[in-house]
Amino acid sequence: MSTDKSDSTPLRSSAVINEAVQSLREGGLVAFPTETVYGLGADARNPEAIKKIYAAKGRPSNHPLIVHLAAPDKYDVAKIDWAALLSPWVRDLSEDALLLVNTFWPGPLTLVFKKDKSVLNELTGGQDTVAIRAPAHPIAQELLRKFKGGVVAPSANRFGKVSPTSAADVRNEFEGMLDLMVLDGGDCDVGIESTIIDVSSGDKAILLRPGVITPSEILAKTGIKVYQPGEVHKHEAEALPKVSGSLLAHYAPTTPLRLYSPGRVLDALSEFPDIKSRVAVAVFDSETSLVLEDHPSIDVEEVIVSSNSSAFASRLYRSLRDLDQQGWDLILFPEPPAGEEWDGVRDRLQRACFGSGPSSSNHDSN
Ligand code: TXA
Ligand code: MG
């Protein structure tokens, strides 16, 4: 929630949300905060509204969207009948899938189910499955509750670009292109997109996108083993749905971005022999300061980043966006340490490196 909660009266904020609900009902787009990143929302039962999302993002129409749902009322989380809420969207809901839902919703976990036949092909990219999540952010929940239906919401950024984690980021992303209603819920806590797990086979749960909810946490809380795509049989892997975030180049800034191994900043710089006068180097707060005095030709500025994986994730896109605006010639980030809790961050950083640089707009916006 925004920190100025105290001076915005409930009446005023609910009037704004009512307006957003009205806009969704009329087939409009509304950007709203979730605990992960901001989403660009549209009525999941309205094909024309869904087309507007693809057009606004510049996203290929075969890349499916996530349906966002909320419980109908202010609730006691333990008492929500998620199976009933899912039934208009999902068929063959397995026991394991329901256990995941009951354990982690609302929260930053998206599940891919076999879809009910009423679910629009426009949102599933023609696949037989549908991705669904219940966001934990109170503004997202209020919007969804009042709308009384599913809202598709990709991250509110242009295709291939860094996801927005504040209302201002969303406005910058679509400035001059789209007259968009943006609900302001302050900065997102989680900071990277939800974990995605495919439960559509009814058999194995398979990780499609790492996030802050990790396979270990899932195993500890539910006893369910989540497989990496590399761990399943070839025929199972081939059957896996497409994930647009699985493109190599994604989440990318325009400034070239590279990773350096611990203590090896100079090695990373040597990749750029004709360097490069202004370099921003992110440094873990646990590290002692860099020693770069023997590289007089480079103007290096250190940016301290957290050595706690959740705190790092929470600030990652904010840092990338801000650094991208500051006119650096090169941005260096430390390679995340080994360990599953860093997988979500590592995944986003590697893709951001791959797609970064002035040509990044060509990589992905086709
Ligand atoms: O945290 C999040 O999940 C955010 C917030 C706004 O909820 N949303 C988000 O949406 O990241 P988007 O569209 O940027 O990413 C959705 C991902 C894509 O990688 C897409 O391919 C995958 O979900 N996806 C959607 N439907 C799918 C399906 N039926 N099967 C497999 N993957 C699917
Ligand atoms: Mg996205």
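Leaving aside its neighbours within four places in sequence, what is L99 in contact with? Select L99 and find out: its partners are T222 and I224, where contact means heavy atoms within 4.5 Å.

Before going further, a word on what is on your screen. This is a predicted model, in which local features need pLDDT of at least 70 and side-chain atom pairs count only at pLDDT 80 or more, while totals for chains, interfaces and linings use all residues. Residues are numbered from 1 along each chain as its sequence is written, chains are lettered from A and ligands numbered from 1 in the order in which they are written, and side-chain values use heavy atoms, with hydrogens and water left out.

**The whole chain**

Start zoomed out, with a cartoon view. The protein has 13 helices and 15 strands; here helices (H or I, at least four residues) and strands (E, at least two) are DSSP runs, numbered from the N terminus. Of its 366 residues, 55% count as buried. Buried means under 20% relative accessible area, exposed means over 50%, and partly exposed is in between, using a 1.4 Å probe and protein chains only. Among contacts with a separation of 6 or more, 67% join residues 24 or more positions apart.

Now return to L99, which sits in helix 4 (residues 95-104). With a relative accessibility of 35%, L99 counts as partly exposed.

Next, show helix 8 (residues 215-222) together with helix 4; their axes come within 11 Å and cross at roughly 100°. Axes are lines fitted to C-alpha atoms, for helices over the stretch in contact, and angles run from 0 to 180 degrees between N-to-C directions. The two helices are therefore roughly perpendicular to each other. On the scale used, angles under 35 degrees count as roughly parallel, over 145 as roughly antiparallel, 65 to 115 as roughly perpendicular and the rest as oblique.

To see the contact itself, display the side chains of L99, L100, T103 and F104 on helix 4, and those of E217, I218, K221 and T222 on helix 8. These residues divide into four nonpolar, two polar and two charged. In this grouping Ala, Val, Leu, Ile, Met, Phe, Trp, Tyr, Cys and Pro count as nonpolar, Asp, Glu, Lys and Arg as charged, and the others, Gly among them, as polar.

Most residues other than glycine have a negative phi, and most peptide bonds are trans. Here are some places to look for the exceptions.

- Select W105 and P106: the peptide bond from W105 to P106 is cis, with omega near -10°. P106 is in the loop between helix 4 and strand 5 (109-115).
- Select D92, which has a positive phi of about 55° although it is not a glycine. D92 lies in the loop between strand 4 (90-91) and helix 4, and counts as exposed at 60% relative accessibility.
- Select K148, where phi is near 65°, a positive value in a residue other than glycine. K148 is in the loop between helix 6 and strand 7 (151-152), and is exposed, with a relative accessible area of 72%.

**Stop three: helix 6**

Eight of its ten residues are buried, so helix 6 is largely enclosed by the rest of the structure. The buried residues are I139, A140, Q141, E142, L143, L144, R145 and F147.

Pick out Q141, which is buried at 11% relative accessibility.

**Stop four: helix 11 and helix 12**

Select helix 11 (residues 309-325) and helix 12 (residues 343-355), which pack at an angle of about 25° with their axes 10 Å apart. Helix 11 and helix 12 are therefore roughly parallel to each other. For the contact, show S309, F312, A313, L316, Y317 and L320 of helix 11 with V345, R348, L349 and A352 of helix 12. This set divides into eight nonpolar, one polar and one charged.

**Last stop: the cysteines**

How many disulfides are there? The count comes to zero, taking a disulfide as a pair of cysteine sulfur atoms within 2.5 Å. Finish by selecting C188, buried at 5% relative accessibility, and C353, buried at 14%.
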